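Student: I'm new to this one. Can we go through how its parts fit together?

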Number of protein chains: 2
Amino acid sequence: MNAPVFKNRDCGSCPIRHQAICSRCEPDELAYLDSIKYYRSYEAGQPVVWAGDPMDFVATVVVGVASLTQTMEDGRTQMIGLLLPSDFLGRPGRETVRYDVNAVTDLTLCCFRRKPFEELLRTTPHIGQRLLEKTLDELDAAREWMLVLGRKRAREKIASLLAIIARRESSLQQLSSPDGFEFLLPLTREAMADYLGLTLETVSRQMSALRRDGIIRLEGNRRVRVPDYARLTAETGDDSDGGVAA
Amino acid sequence: MNAPVFKNRDCGSCPIRHQAICSRCEPDELAYLDSIKYYRSYEAGQPVVWAGDPMDFVATVVVGVASLTQTMEDGRTQMIGLLLPSDFLGRPGRETVRYDVNAVTDLTLCCFRRKPFEELLRTTPHIGQRLLEKTLDELDAAREWMLVLGRKRAREKIASLLAIIARRESSLQQLSSPDGFEFLLPLTREAMADYLGLTLETVSRQMSALRRDGIIRLEGNRRVRVPDYARLTAETGDDSDGGVAA
DNA sequence: TTCCGCGATTGACATGGATCAAGGCGTCGA
DNA sequence: TCGACGCCTTGATCCATGTCAATCGCGGAA
């Protein structure tokens, strides 16, 4: 689990740079970022940090998927965020994390020690602005998810999750292709359940139902083929088309 | 529905200034803010903006409560945020809003036209930093709410809502008083249901149950007396004490 | 004072998803 | 090749909450 591709100290080589917090940096700013950054890798299933632990770095996801999870005293658990490549992890100005962070798949993070990063935030408006934008995007996503968790039925929840992952993994062109498209689901049934506020049995049943109804086809447990993206979004219950036209 | 107290052009008179985005501004920055700000007032129940509408201002809540609400195509509705005094409304850099904004109680906003505010954001790091902090706080709150919506039972949801409002409305000292404390619930049973992902009947039943069990006392429909804050937080299912000690 | 209407309460019943339980399928190591 | 384990599927049953409906009670208008 190394990340040999990114071992050189050059943000320009980073495949997710154009979407990450450094996307609008000047060369000298990039050089400073390079000087304080380092990579960390985790295997699927490994913890990154536990709720309440000190976290002395912030990071951008480079490869893989990380989850943010909260747990109740009796063990009930809710995934409250899914971080995909280019997403930002950590909170400047706070010493400890409030929720568990786990590697869902094999994961590579581009890390910055928190103190120098906070200093950079103070001196470099670009970064702060970009971070604000990404935080506002995350807030929008969290609010969209509140509708999913609070009001959608199991089938709609599953469809919403599949549509969201499909949108992040596929191009607009692929989504609207008449032949459909396919993608790899990075989550187990249990992780899907944790994200959707369901049990894994319900997730399994609804996946089977969507398969029976021709909304999706499954090749193995993880590979999902969507013959018609519009039919999938129609199952989400949302009143817009879920962002393809918008 | 005017806001005579705030009619003078002086942010220093604003009772929520110390928590709002302008809390760290220099005198000259405050003067600029003063020059572009204006107040708007709404009566309880009035819409502020509808989802999809253009919104040419951003604002801070000065008095009252505003709600952010999303609606599905069949009319199911989910409140995705509750804005109390000092909370920020609007998104710099975006022309339209994604969800309905309503005045839950009589409401006064301190508004800034969006373009000048964005300009200010570019030139005044304080404001951007403060806005980032407030956005990160909102994101934390949204994520906490995802746990409420996804995993808590009806009784725990109600207790969580009461505890959150109690914390925002009362001082630490009041919360830990041996005589208990009381507060005014700014929401109807239906609004509570919309926020909690429940029906109003379930809200009503669980409020009655909490009353029967002595967790709360009700004087009328809105006035809530909490004889023992610890007993209330014990009903939320959270593993921490909900923030009093923390 | 009476009536009216809205919000809240309460009851009876329906149901979606949880829970408990059994078994299938594919992969990996011996 | 086989067994074991992890992950998933499916079935039977239960229960928390939704749904539908009746009634209450307060505050405002006539």
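Predicted model: local features only at pLDDT ≥ 70, side-chain atom pairs only at ≥ 80, totals over all residues.

Student: What makes the pair Glu138(A) and Arg143(B) a salt bridge?

Tutor: Set the distance against the cut-off. The N to O distance between their side chains is 2.5 Å, and the rule asks for a Lys or Arg nitrogen within 4 Å of an Asp or Glu carboxyl oxygen. So the pair counts as a salt bridge. Across the interface of chain B and chain A, the rule finds twelve salt bridges.

Student: Which helix of chain B gives the most to the side that touches chain A?

Tutor: That's helix 3 of chain B, with 19 residues. By class, that side of chain B has 18 nonpolar, ten polar and 19 charged residues.

Student: How do you know that the copies meet through the same surface?

Tutor: Compare the two sides: 100% of the interface residues of chain B are also interface residues in chain A, so the surface is the same. In numbers, 47 residues of chain B are in contact with 47 residues of chain A.

Student: And why are the copies said to be related as by a two-fold rotation axis?

Tutor: Look at the superposition: a rotation of 180 degrees, with 0.0 Å of shift along its axis, puts chain B on chain A with an RMSD of 0.1 Å. The two copies are therefore related as by a two-fold rotation axis.

Terms used
Residues numbered from 1 in each chain as written. Chains lettered and ligands numbered in written order. Heavy atoms only, no water. Least-squares fit on C-alpha atoms with pLDDT ≥ 70 in both. Contact = heavy atoms within 4.5 Å. Helix = DSSP H or I, 4+ residues; strand = E, 2+ residues; numbered from the N terminus. Nonpolar A, V, L, I, M, F, W, Y, C, P; charged D, E, K, R; others polar.
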